[in-house]
Amino acid sequence: MRKIMAMLLLLSLSLTSAACGNGAKDSIPDGTFEGTGNGRGGEIKVSLTMKDQKVADIEVLENQESEGLSEAMNMLKEEIIATNNLDVDVVSGATLTSVGFRLAVQDAFSKTGADKSLLLKKEKPAPEKREEKYDADVIVIGAGGAGLTAAITAAENGMNVIVLEKMPMAGGNTLISGGEYAAPENWVQEKEALEDSADLFYGDIMKGGDEESDPALARVLADKALEGAKWLRDEVGMIFEDYMLFFGGHSVERSLVPKNATGYEMIHKLTEKLKETASPLHLETKATELIMDENGRVTGVKAEYHGQIIEYTAKKGVIMASGGFGYNKEMRAKYNEEMGEGYLSTNSVGSMGDGLVMAEKIGASLVDMSFIQAYPTCDTQSGALLYVGDVRLEGRSILVNKEGKRFVEELERRDVISKAVLQQTGGVSYMFWDASAMEDSGMDVKHASEYNGLIARKQLVKADTLEEAAAFFEIDAEELKKTVENYNQYAKDGKDLEFNKRGNLVPFGEGPYYIMVSKPAIHHTMGGIKINTEAQVVSTEGKVIEGLFAAGEVVGDIHGTNRLGSNAIADITVFGRIAGESVSK
Ligand code: ADP
C-alpha cells in the first residue's frame, strides 16, 4: 500500500510539474509506469521501473507473442537496462515483436512526464571487442538445433569448439518451430501400448518423400531417432509433454511434443548445455567463406562481425549447420520457379541458404534443390506457422473451402494439402472444429497468446452457432452444415467415404464452433549439401571433402521430395550428433 501511495504521489508530482512547465522535465521521477505497444500478435503491455534517473526494471505484463519471440523482448530488456537507452535496435528475426516492445517501453516512459530525450541517446554502445583470428578444433556455422547439438557433442568429446551465429540470438528455424520429434518406439507410445518400429518409420520417410531419399541416410535417421530423443531428454534436460501428435504421412502416432509445444524448450536447453561446455557462441557473426588448404582440406572459416573480418581456424574441421533457404525468394525461384515470389514463408529471416553457397563454391555437391515444401495452414498475413491449427493433427478438425465443402484428407502429406488449398477460392482454407475438440486439445490454453492474437486480427472466429461462424468468413453455411452432418455420419460408421481420413474419426457436437482461415507458406527446403552417413560432405566428384561436415536443414537427400512433420527435429538431432562425433575423430 505504501508503495502505491508513494507511486501515486510521484505520479501526481510529475504530472503537476509537467503541467506547470517548470524544469522538472529534466529529471525522471522514481516509480513504476505502464505502457502499451502493438507487437506481432497484438498488444504488448509493460511496466517500467525508474530509479535514480535509470531504468531499474521492465516487466512484460501482457503479450500475445509466441514463446520464441518473447526471447527477443528479454534481450531488449537487458539492453535497455544495461545502456539506459530506450532507442534500442530491433532484434532481427523478431522485428514486429521488438517494435511493439520498444513502443510499449517508450509509452511507459512518457508517463513519467520527463523529457524523452533523456533516455533516447543517439550513440549506440560499441560492439563487443573481437580478435582478428581465433584458433579452435571445431568451428560450427549456425546455432540452430543442428549446430548446437553438433557443438555440444564435439565439446563433450574434448574438442575446443566455437559456434558462429549471424543473428543476434540462437535458434533459427528450430526456435520458431513446434519442436515435435518423431521417434519410433518412444516412451509415450510404450505407455499407450502403441506398436511401432524403426522399420515402419523408415518406410514412412521413404514413402513420404516419394522414394527420393538416400536410403542409407533415411535408415540412419530411422534407426537413431529414439536414441537422439533420449539424449535430449536425459542429457540435455529437455522436458516433453506426456502426449503425442499425429503428423501427416506417418503410419502411427509417434511425434513427441516438447514442453509447451514450441521449439523454445529445445533451443533454451541446448544453449544452456552449450554454456556448460564453456564453448563460445559468437553472435552477429556471419560466416562468409570456407578456407581450404592446398590439399583440398577445409581448415577454417572467414566471417564478418560488425564490418570486421575475422578468420577462424579449425584444426579438426568445420560443421556447416546454417539451415535451409526457405526465406530466400530468389534462391527458391532459382531452383523451383513455382516456389518463388508468390509465397510467404514460415522461416526465420536467417534461412537464406548462405551455407549452400559457401559449400558449393568449394566443390560440395548440392542435391534435390528443387524440392521445396509449403506448410498448408499458415497465417494469411505473415506466413507464420499457426500452432492453434494443431487441432487438425489431433484428428479433430476438418478443412473446408468458401463453398463449405471439404476438399482433401486433413491428415494427408503437407505438399498434397498445400496444392489442394491453392486450388480453392482465394487460395485459402478454413479449419473448422467444435467445443469438445477445443477442450480436449487445449489449443486455446497451450497457445493462448497466438489464439488471442488470431481472434484480435480476425483470422479466427469463435461463435455459438455454425451459421454465425460461417457468416464471419462468408462461407456457405448451408453447405458447411451438410459437410459436418456427412462427416458425423462417417465418424459413426467408422469410415470417411469422401477422403478416407486416417485415425479415429470423432464426430462434431455442440458449439461454440471455431473457424480459422489459413494458407500455405514455404516451410522446409529438402534439398542441400550431399553428405555420407558420417555427416562428411561429399564433392561433386563423389569424394569426401576432408575437414567439412554438415547437419540439419542445410543437408539434402534425407527427406526426398517431401519432409514429414516432426522429422526435421529428429533429423537435426541425429545428424547433429553424428557430425559432432565424426569431427572429433
Ligand atoms: P537447423 O534446423 O538445421 O539447425 P536452423 O534454421 O534452426 O537450422 O538454424 C540455422 C542457423 O544458422 C540459424 O540460426 C541461422 O541464423 C544460422 N546461419 C545461417 N547462415 C549463417 C551464416 N552465414 N553464418 C552464421 N550463421 C548462419
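**Close-up views**

**View 1. Glu474 is exposed, with a relative accessible area of 63%.** Exposed means over 50%, buried under 20% and partly exposed in between (1.4 Å probe, protein chains only). This is a predicted model: local features need pLDDT of at least 70 and side-chain atom pairs pLDDT 80 or more, while totals for chains, interfaces and linings use all residues. Numbering starts from 1 along each chain as its sequence is written, and side-chain values use heavy atoms, without hydrogens and water. Where does Glu474 sit? Glu474 belongs to the loop between α16 (466–472) and α17. Helices (H or I, at least four residues) and strands (E, at least two) are DSSP runs, numbered from the N terminus. The phi of Glu474 is positive, about 55°, although Glu474 is not a glycine.

**View 2. Ser566 also has a positive phi, near 75°, and is a residue other than glycine.** Look for Ser566 in the loop between β21 and α18. Is Ser566 buried or exposed? Ser566 has 5% relative accessibility, so it counts as buried.

**View 3. A cis peptide bond joins Gly511 and Pro512.** Omega is about 0° at this bond. Pro512 is part of the loop between α17 (477–493) and β18 (513–525).

**View 4. Three strands make an open sheet, in the order β1-β2-β3.** The pairing is antiparallel. Strands pair if DSSP finds at least two bridges between them. Why do β1 (31–38) and β3 (54–62) stand at the edges? Each has a single partner strand, so one side of each is left without a neighbour in the sheet. On average, neighbouring strands here are turned by 25° against each other, direction ignored. Axes are lines fitted to C-alpha atoms, for helices over the stretch in contact; angles run from 0 to 180 degrees between N-to-C directions.

**View 5. Strand β2 (residues 43–51) meets β3 through 7 bridges.** The two strands run antiparallel. Lys51 faces a lysine too: Lys54 in β3 stands opposite.

**View 6. Helix α3 (residues 95–110) lies across β1, β2 and β3.** Contact means heavy atoms within 4.5 Å. Helix α3 runs at about 140° to β1.

**View 7. A salt bridge joins Lys269 and Glu265.** A salt bridge has a side-chain nitrogen of Lys or Arg within 4 Å of a carboxyl oxygen of Asp or Glu. The closest N and O atoms of Lys269 and Glu265 are 2.7 Å apart. Both residues lie in helix α9 (residues 264–276). They are 4 residues apart, about one turn of the helix. How many salt bridges does the structure hold? It holds 33.

**View 8. Lys530 and Asp557 form a salt bridge at 2.9 Å, N to O.** This pair links distant parts of the chain, 27 residues apart. Lys530 is in the loop between β19 (528–529) and β20 (536–538). Asp557 is in the loop between β21 (544–550) and α18 (567–584). Lys530 counts as buried because its relative accessibility is 15%. Asp557 is at 12%, so it counts as buried too.

**View 9. Glu541 and Lys543 make a salt bridge.** Their closest N and O atoms are 3.9 Å apart. Glu541 counts as exposed at 63% relative accessibility. Lys543 is exposed, with a relative accessible area of 53%.

**View 10. Salt bridges link Glu156, Lys273 and Glu276 in a network.**
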